[in-house]
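Trainee: I am new to this structure and would like to learn how to read it. Please show it to me.

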Amino acid sequence: MDEQEARIEKLKALRESGIEPYPTQSARSHMAAEALAEYDALQGQTITLAGRLMSRREQGKSVFAHIEDGSGRIQVYFKRDDVGDEAFKRLKLLDLGDILEASGELFTTHSGEKTLRVSTYRLLAKALLPLPAKGAGGDLKLFDPEVRHRKRHLDLIANRETEMAIFVTRARAISAMRSFLESRGFIEVETPILQPLYGGATARPFVTHHNALDRDLYLRIAPELYLKRLIVGGFERVYEIARNFRNEGIDHSHNPEFTMMECYQAYADYEDIMRLVEEMHAHIVRETLGTTVVTYQGARLDLAPPWGRKTLREAIAEYTDIDYEQYPDRESLAEAMRKRDYPVDPRLGRGRLIDELKDAVIKGPNAKLKGPVFLYDYPLDLSPLAKIKPGTTDTVERFQAFVGGLELGNAFTELNDPLDQRARFEDQARQRARGDDEAQALDEDFIEALETGMPPTGGWGGGIDRLVMLLTDQESIREVILFPTMREATREQKQE
């Protein structure tokens, strides 16, 4: 008989004895951490705890065990004379992983451990599958990343301290982000996830079909074009914490389903947004970690303002020896890249090739610029939604923020000239015809909104998942998303 079958037999035995193994309610009065913190005040009182059975050891007519709830772990002590013969015998029907409720009084054992002396207990949920195997030192451990990411519930049970800390940090960071933006007068809004036309980023969309309307819709790749409509309509500061979906590859910093925050401020430009971004991130890090200094993949990084600032042209020329202004067309730039052993994708136009050079300088563990740094002033053909920099014809007011090799986000002085915007979209269509399937689509409804008149506006889109990677020193985005997108499990993985 395997372990699951043995547990099912115990389940049957419990029911035959009149015990319901899945009752509807719990009478818990205290969390484990609360009971330990208020130990002195709770002396002599009967309290009720509840949690998962994580360990047990029998000593004749008594059993010591540990239960764990959302706040931590506490020892519980069962003695035959305290709980009665029948209840003590039923302890044999319990397994590690079961969810228990236990009532009694607190005391301190001879070894000095604060413990609940149980007078009554109830089974709240019978676990039919065993917990992960114990590692060195007798602690539960789950090391295989495939199993950890596919079965996050086991990961959280077995690797509780590290995993809980990551996602608590994530929640605190988002809360700090909201409080900062709201203190600056930003209003949180919601825009459509299902969109008749995708836009706001260079990415391939996911397509779905709406049966009642009998039309294809797209999962949004960005909320940008809808948020700008709100600026047109009279909101002057808006933001959205948006779930986005991009039909792209998966690597250490990309997941097809991800979270970002986009905000737009009327009567502002990209320099205003630079200041907003560095102040916001310093606030988030300080509120979350208690300092503006983070250590990411061995690099000590201080996010206190001001951050470094360098033009994109300067950064690429300094670290690749390619001044892209000297190569005004795609073929001459591609040839310069090949001579220096940089890969050249034949489907990409000049702007996207410049973006590839930028990635070689700033992204990943071998990034030449650790930051925090803003790279600003980007080529026109790489930025179809950004405003042209005064005094130039081919450079736009755009920046990206990088810290420790991670791109944290992207910002523009937003293009508000509807005729220019239409021309940019038409150029994107030509790039799509040449094979760039991430080029943006022409959105007539958005252009019509711009024709109504949009004030000068600065906007920012920042990745929350990557921010959490930075805050928790995680190299892979899968570690900061509770349920990352995975390949279909193999037969062996399904059987584990």
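This is a predicted model: local features need pLDDT of at least 70, side-chain atom pairs count only at pLDDT 80 or more; totals for chains, interfaces and linings use all residues.

Trainee: How are helices and strands named, and what counts as pairing?

Mentor: Both are DSSP runs numbered from the N terminus: helices are H or I with at least four residues, strands are E with at least two. Two strands pair if DSSP finds at least two bridges between them.

Trainee: In what order do the five strands close into a barrel?

Mentor: The order is β1-β2-β3-β5-β4, and the pairing is mixed. On average, neighbouring strands of this sheet are turned by 50° against each other, direction ignored. Such angles use axes, which are lines fitted to C-alpha atoms (for helices over the stretch in contact); angles run from 0 to 180 degrees between N-to-C directions.

Trainee: Which strands are joined to β4 in the antiparallel sense?

Mentor: Strand β5 (residues 114–125) is joined to β4 (residues 99–108) by ten bridges. Strand β1 (residues 47–59) is joined to β4 by six bridges, again antiparallel. Ala102 of β4 shows both pairings: its bridge partner in β5 is Tyr121, and Leu49 has Ala102 as its bridge partner in β4.

Trainee: What lies between β1 and β2 in their hairpin?

Mentor: Two residues lie between the strands, and Gly60 in this hairpin takes a positive phi near 65°. β1 pairs with β2 (residues 62–69) over seven bridges, antiparallel, and Leu53 stands opposite Ile67 there.

Trainee: What is the order of the open sheet of eight strands?

Mentor: The order is β6-β10-β11-β18-β17-β16-β15-β14, with mixed pairing. Its edge strands are β6 (187–188) and β14 (308–311), each of which pairs on one side only. Within this sheet, β17 (residues 406–413) and β18 (residues 457–463) are antiparallel over five bridges. Phe412 stands opposite Gly459 in β18. Helix α15 (residues 464–472) packs on the sheet, touching β10 (237–245), β11 (257–266), β16 (395–403), β17 and β18, and its direction makes about 135° with that of β17. Touching, or contact, means heavy atoms within 4.5 Å.

Trainee: Where do the buried residues of a helix such as α8 lie around its axis?

Mentor: An α-helix has 3.6 residues a turn, so residues three or four places apart point the same way. Buried means under 20% relative accessible area, exposed over 50%, and partly exposed in between (1.4 Å probe, protein chains only). In α8 (residues 224–233), the buried residues are Glu224, Leu225, Leu227, Lys228, Ile231 and Val232. Seen down the axis, they fall within an arc of 160°, so they line one face of the helix; the arc is that of the directions from the helix axis to the C-beta atoms. They pack against β10, β11, β17, α14 (444–452) and β18. After α8 comes Gly234, with a positive phi near 125°.

Trainee: How do α11 and α12 cross?

Mentor: The axes of α11 (residues 330–339) and α12 (residues 350–362) come within 9 Å and cross at roughly 25°. That makes α11 roughly parallel to α12; angles under 35 degrees count as roughly parallel, over 145 as roughly antiparallel, 65 to 115 as roughly perpendicular and the rest as oblique. The contact is made by Arg330, Leu333, Ala334 and Met337 of α11 and Arg350, Leu353, Ile354 and Leu357 of α12. The buried residues of α11 are Arg330, Leu333, Ala334, Ala336 and Met337. They cover an arc of only 160° around the axis, which puts them on the same side of α11.

Trainee: Where is Glu20 placed, and where is Arg422 found?

Mentor: Glu20 is in the loop between α1 (3–16) and α2 (32–37). At 41% relative accessibility, Glu20 counts as partly exposed. Leaving aside neighbours within four places in sequence, Glu20 is in contact with Arg15 and Leu123. Arg422 is in helix α13 (residues 418–433). With 25% relative accessibility, Arg422 counts as partly exposed. Not counting residues up to four places away in sequence, Arg422 touches Leu442, Glu444 and Ile447.

Definitions and conventions: Residues are numbered from 1 along each chain as its sequence is written. Side-chain values use heavy atoms; hydrogens and water are left out.
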